[in-house]
Amino acid sequence: MAKLKLVKLVKVVKVDKVARIAILSHQEAERMADKTRAEAPAVTAKARGLGVLTMFTMKGDPIKALSGFKLPAGAHVAIVSGKPESVSAIRKSVRGRVVRITEVVERAPQHTQVERKPLVDRAAFEPDARSRAMLEGVRIAQQDLRDAGGAYDLDQVRTLLHGVSRQAIDKRVQDGSLLAVPGPSNRRSYPTLQFNRDGTVVPGLKAVREALQTSNSWAVLNFLSHPDARLGNRKPIDLLKSGQIELVLEAARRHGEQGA
């Protein structure tokens, strides 16, 4: 139903908390009634109280009851209420003196929200194929480390190596005979798979890195920790621990040349 507004009230006088008297010109009252009949032909009693305003257009001159106020010529008095209990009381008190009862449904104002477009297109924030590949590489590396049994920190490695100095460990990392990967807070972590049960480092790590032709410690870890078809689906690290270094080096060379 259409929202109707009393736009040219001559005066509004409060009757109580739920009802008020609206004084309209004859033309305004007729126009409101006609528009209401056309746009809101039926309002059920069940709908009352849900934003429904009921207007009683009075006959005669009830304004005389309002001391000090003179009703303008050609004007009608309308008692307007939006409360069902007030409407019932008004019906009883004005019975026989009502010219017309008009019910108008008020429609809540609708606020149109305009979607703001971001200053920068969302697509600009999407990582490209190269960036996604880098991210996937990090995930794979982290999974490799988990599958390989995790890693020791520096103090744990020093304990395994019977208290060797930090400088000695750093030297072994630099020459490739000890494998270290970036850990939390960018501190080095040392994959556990490179240590034998007695705490010694598996021989052949430096030669494997050279055969792979890479200085990327994650690439070395990936090669060592995964079964290799060139080795009968055995893991290179297991063969290194059993002393089969040459077999592993041959697979590493082919791996480095072909990529896989």
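Predicted model: local features only at pLDDT ≥ 70, side-chain atom pairs only at ≥ 80, totals over all residues.

1. Which residues does Leu-179 contact, leaving aside its neighbours within four places in sequence? The contacts are Ser-189, Tyr-190, Pro-191, Gln-194, Leu-205, Ser-217, Val-220, Leu-221 and Leu-224. Leu-179 and Lys-206 lie 27 residues apart along the chain, and their C-alpha atoms are separated by 8.8 Å.

2. Helix H6 spans residues 205–212. Its buried residues are Leu-205, Val-208, Ala-211 and Leu-212. Viewed down the axis of H6, these buried residues fall within an arc of 125°, so they line one face of the helix. They pack against H7, helix H8 (236–241) and helix H9 (245–258). Just after H6, Gln-213 adopts a positive phi of about 55°.

3. Two packed helices are described by the angle between their axes and the distance between the axes. For H6 and H7, the angle is about 105° and the axes are 10 Å apart. H6 is therefore roughly perpendicular to H7, as angles of 65 to 115 degrees count as such. On the H6 side the contact is made by Leu-205, Val-208, Arg-209 and Leu-212, and on the H7 side by Val-220, Phe-223 and Leu-224. By class, this contact of H6 with H7 has six nonpolar residues, no polar residues and one charged residue.

4. H7 (residues 217–225) also packs with helix H3 (residues 129–147): their axes come within 10 Å and cross at roughly 50°. H3 and H7 are therefore oblique to each other. The crossing of H3 and H7 is left-handed. H3 contributes Ile-140, Ala-141, Gln-142, Asp-144 and Leu-145 to the contact, while H7 contributes Trp-218, Leu-221, Asn-222 and Ser-225. By class, the contact of H3 with H7 has five nonpolar, three polar and one charged residues.

5. The points above may be read together. Leu-205 of H6 takes part in the contact with H7, and Leu-205 is also among the residues in contact with Leu-179. Val-220 and Leu-224 of H7 face H6 in that contact, and both are in contact with Leu-179. Leu-221 of H7 belongs to the contact with H3, and Leu-221 is likewise in contact with Leu-179.

Conventions
Residues numbered from 1 in each chain as written. Heavy atoms only, no water. Axes fitted to C-alpha atoms, helices over the stretch in contact; angles between N-to-C directions. Helix = DSSP H or I, 4+ residues; strand = E, 2+ residues; numbered from the N terminus. Parallel < 35°, antiparallel > 145°, perpendicular 65-115°, else oblique. Left-handed = near helix turned anticlockwise from the far one by under 90°. Contact = heavy atoms within 4.5 Å. Nonpolar A, V, L, I, M, F, W, Y, C, P; charged D, E, K, R; others polar. Buried < 20%, exposed > 50% of the residue type's maximum accessible area, 1.4 Å probe, protein only. Arc of directions from axis to C-beta.
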